[in-house]
Amino acid sequence: MSTEIKDLSKFRNIGIIAHIDAGKTTTTEAILYRTGLKHKIDLVKGDTGGAETDWMEQEKERGITITSAAVTATWKGCKINIIDTPGHIDFTAEVERSLRVLDGAVVVFDGKMGVEAQSETVWRQATKYGIPRLCFVNKINQTGGDFYKSLESIHKRLSKNAVAIHLPIGFEKDICGVVDLVDMKAYTYKDYTDHELTVGEIPEDMLEKAKNARAVLVEEAVSADEELMNKYFEQGEEAITTDELKSALRRRILDGDFFLVTGGDGRGVIVEKVLDLVADYLPSPLDRDQGQTVGTNPKSGDEEIRKASDSEPLCALAFKIATDPFVGKLIFIRVYSGVLKSGETILNATTGNKERVGRIVRMFADKREEIDHIAAGDIAAVVGLKDCTTGTTICDPAHPIHLESIEFPEPPVSIAVEPKTKSDQEKMALGLSKMAEEDPTFRVHTDEETGQTIISGMGELHLEIIIDRLHREHNVEASTGAPQVAYRETIRGTAEAQGKYVKQTGGRGQYGDVWVKFEPNEAGKGFEFIDQIKGGVVPQEFRKPVQQGIVETLNGGVIAGYPVVDIKATLYDGSYHDVDSSELAFHMAGALATREGVKKANPVLLEPVMKLEITTPEEFMGDVIGDINSRRGRIDSMEDMTGGAKLIKAFCPLGNLFGYTSDLRSMSQGRAASSMELFAYEEVPPNVAQEIIDARNK
């Protein structure tokens with residue numbers, strides 16, 4: 001498994017990202033086989049269920065990727081760390097945290113479907129982190145597979161700057177290789193399982209098409225280099241050498257807004273051409289941000305810069321936590337600078353605590369190989385760090401640095417869960433806390449009113465997997481309640497309120513008095529506290545407790561017990577008593593002002609609205625649209641897709657979508673499919689809001 005490549009320019013840290021069922025894991029399997037890490041390709045679905053990176057029992061059974069898996073391969077002198085990520089929207093956090101530490105990505109598309117809903121989501125995530133990408137159109141060998149229509153859908157829905165570097169030879173089941181537009185050679189195979197590609201001349205019937213496509217590729221490439229562009233205009237396309245063309249294409253890809261497109265059968269020998277593209281065009285750690293990582297000094301707040309070099313002080317980011325049954329807590333680390341050695345003491349810049357590194361392991365999906373260090377630019381896992389969570393910065397204690405962490409969306413779906421036997425209570429709590437530590441989009445809390453354990457996640461499948469893991473990994477049988485929606489509260493108006501807490505007892509009393517103004521904040525800005533006290537009418541030491549009292553009350557809700565969001569609270573007046581005033585009294589005063597002020601500021605209920613994409617045969621379109629309307633949904637657009645299918649884009653409240661997947665299957669004879677993701681929180685209509693408030697108050 002190990003590899004001794006030390007030249008950083010030969011490192012490639014890449015992710016395989018896509019919509020569910022596009023063939024990411026199968027493509028990864030083929031890569032492992034072609035790079036000599038596996039002696040056969042296992043199927044993702046079917047009898048074997050042995051895909052290396054789908055190692056969880058739930059992944060084998062369902063044929064989907066749930067957790068991102070890391071593997072390391074070598075190809076043409078390059079060391080390639082590959083992370084195979086999930087495609088289902090419920091596990092999008094796995095994609096998010098992987099992209100945060102990767103340098104490049106291969107985006108896989110289903111050649112029968114083109115760009116799908118989650119294709120757009122992972123594309124946006126990659127754009128957010130400025131990740132250079134290659135596009136691989138998979139399954140074009142299957143009935144309905146079409147490289148050119150898929151390329152057209154990439155232009156239409158993702159980017160006009162996607163250009164073919166290979167053209168497929170053949171159509172559907174007759175696909176037998178590609179024309180490489182850089183060296184203008186044909187790379188063919190008799191069967192996708194062939195050991196190697198045969199290099200030959202371009203088929204006569206493709207020559208004109210290949211020349212036209214190459215002209216487009218060359219024109220795009222030279223636009224990155226003024227000297228090369230002049231040469232192209234003065235001497236023509238023939239004057240551009242292969243090395244000059246590859247170098248210009250690489251520069252364009254590294255800019256992050258230009259994408260090369262290839263296609264083929266992701267199971268087979270053609271992935272060698274994908275590996276060639278990864279080695280030739282995707283960035284090394286030295287190419288991203290000029291080989292520098294920027295953070296802040298946790299003590300002074302000054303900007304700190306680390307270069308991608310072993311000689312620099314240690315700087316690394318923990319991007320994933322996993323629990324291994326044999327070694328315990330595994331922390332997946334990307335080292336940006338310096339060397340992390342087993343046995344040394346490091347600083348957790350997020351908590352400020354020092355910890356000792358235990359073992360370091362190179363991961364191969366769920367298998368491990370012990371190593372003694374991780375060098376700059378590399379990815380591996382550490383055993384023995386107790387304080388680490390997703391997004392923690394690890395650094396040299398003598399040279400502290402704090403890197404930007406990773407943000408995750410709030411989970412919109414909740415269910416109540418309880419063990420079937422009293423003896424399982426402690427095991428359930430331990431199991432849930434371990435899974436919450438691993439997954440930043442999974443939350444656990446106890447409802448103070450009912451005493452129930454509430455778990456929250458990104459969707460029904462997410463929570464279903466959690467319950468299944470609770471049973472398999474922690475041996476806990478659990479009962480679940482009906483799914484609940486994570487509603488929010490906010491205000492639409494402005495109000496001022498006094499909070500006065502006066503309590504006289506036999507001894508020293510309690511006195512706290514504040515005036516607070518409440519007004520709406522921008523959507524998504526959350527809570528903002530503004531201190532406008534002048535003249536010391538509320539002493540400095542009591543203002544923090546006021547803020548804490550406001551925050552606690554907002555978190556507990558005012559009209560229906562749901563957290564209040566996007567609100568500004570301005571503390572502008574008050575009074576205190578020399579003897580009786582205390583932090584507790586002002587904490588209570590802040591809480592009282594909040595309860596009264598929010599009620600006076602036109603409070604409203606917000607609900608999560610999902611962006612819904614449905615692919616359906618045309619004959620079921622009327623039923624699908626009628627059903628969405630009955631769920632308080634609104635149709636956004638309708639588009640034609642390949643194979644006569646229709647794509648319906650809609651927005652619908654999450655509370656009306658529980659069980660939607662099975663309902664959609666029923667109304668379409670199992671032929672329609674859907675995906676959804678959180679779009680925004682929107683105001684609930686008054687009549688529906690009243691029903692929710694009444695049900696909550698009961």
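**Helix packing, sheets and a salt bridge**

Helix H10 (residues 425–438) packs against helix H11 (residues 460–474) at about 120°, and the two axes sit 10 Å apart. Helices here are DSSP runs of H or I with at least four residues, strands are runs of E with at least two, and both are numbered from the N terminus. Axes are lines fitted to C-alpha atoms, for helices over the stretch in contact, and angles run from 0 to 180 degrees between N-to-C directions. H10 and H11 are therefore oblique to each other; angles under 35 degrees count as roughly parallel, over 145 as roughly antiparallel, 65 to 115 as roughly perpendicular and the rest as oblique. The crossing of this pair, H10 and H11, is right-handed, a crossing being left-handed if the near helix is turned anticlockwise from the far one by less than a right angle, and right-handed if clockwise. On the H10 side the contact (heavy atoms within 4.5 Å) uses Lys427, Met428, Gly431, Leu432, Lys434, Met435 and Glu438, and on the H11 side Ile466, Arg469, Leu470 and His474. By type, the residues of the contact of H10 with H11 split into 5 nonpolar, 2 polar and 4 charged. Nonpolar here covers Ala, Val, Leu, Ile, Met, Phe, Trp, Tyr, Cys and Pro, charged covers Asp, Glu, Lys and Arg, and the others, Gly among them, are polar.

All this comes from a predicted model, in which local features need pLDDT of at least 70 and side-chain atom pairs count only at pLDDT 80 or more, while totals for chains, interfaces and linings use all residues. Residues are numbered from 1 along each chain as its sequence is written, and side-chain values use heavy atoms, with hydrogens and water left out.

Next comes a mixed open sheet of 4 strands, ordered S30-S31-S33-S32. Strands count as paired if DSSP finds at least two bridges between them. Strand S30 (495–503) and strand S32 (527–531) are the edge strands, each pairing on one side only. The twist averages 25° from one strand to the next. S30 pairs with strand S31 (residues 510–520) in the antiparallel sense over 9 bridges, and tyrosine 501 has glycine 512 of S31 as its bridge partner. H12 packs on this sheet, touching S31, S32 and strand S33 (567–575), and its direction makes about 155° with that of S32. H13 also packs on the sheet, touching S30, S31 and S33, with its direction at about 35° to that of S31.

These two helices meet each other as well: H12 (residues 540–556) and H13 (residues 583–600) pack at about 45°, with axes 7 Å apart. That makes H12 oblique to H13, and the crossing is right-handed.

Elsewhere, S7-S8-S9-S10 is the order of an open, antiparallel sheet of 4 strands. Strand S7 (166–168) and strand S10 (198–200) stand at its edges with a single partner strand each, so one side of each is left without a neighbour in the sheet. Threonine 345 stands opposite arginine 356, and glycine 352 takes a positive phi near 85°.

As for charges, the count comes to 39 salt bridges, each a side-chain nitrogen of Lys or Arg within 4 Å of a carboxyl oxygen of Asp or Glu. One of them links aspartate 110 and lysine 139, with the closest N and O atoms 3.8 Å apart. Aspartate 110 lies in strand S4 (residues 104–110) and lysine 139 in the loop between strand S5 (133–138) and helix H5 (147–157), so the pair ties together parts 29 residues apart in sequence.
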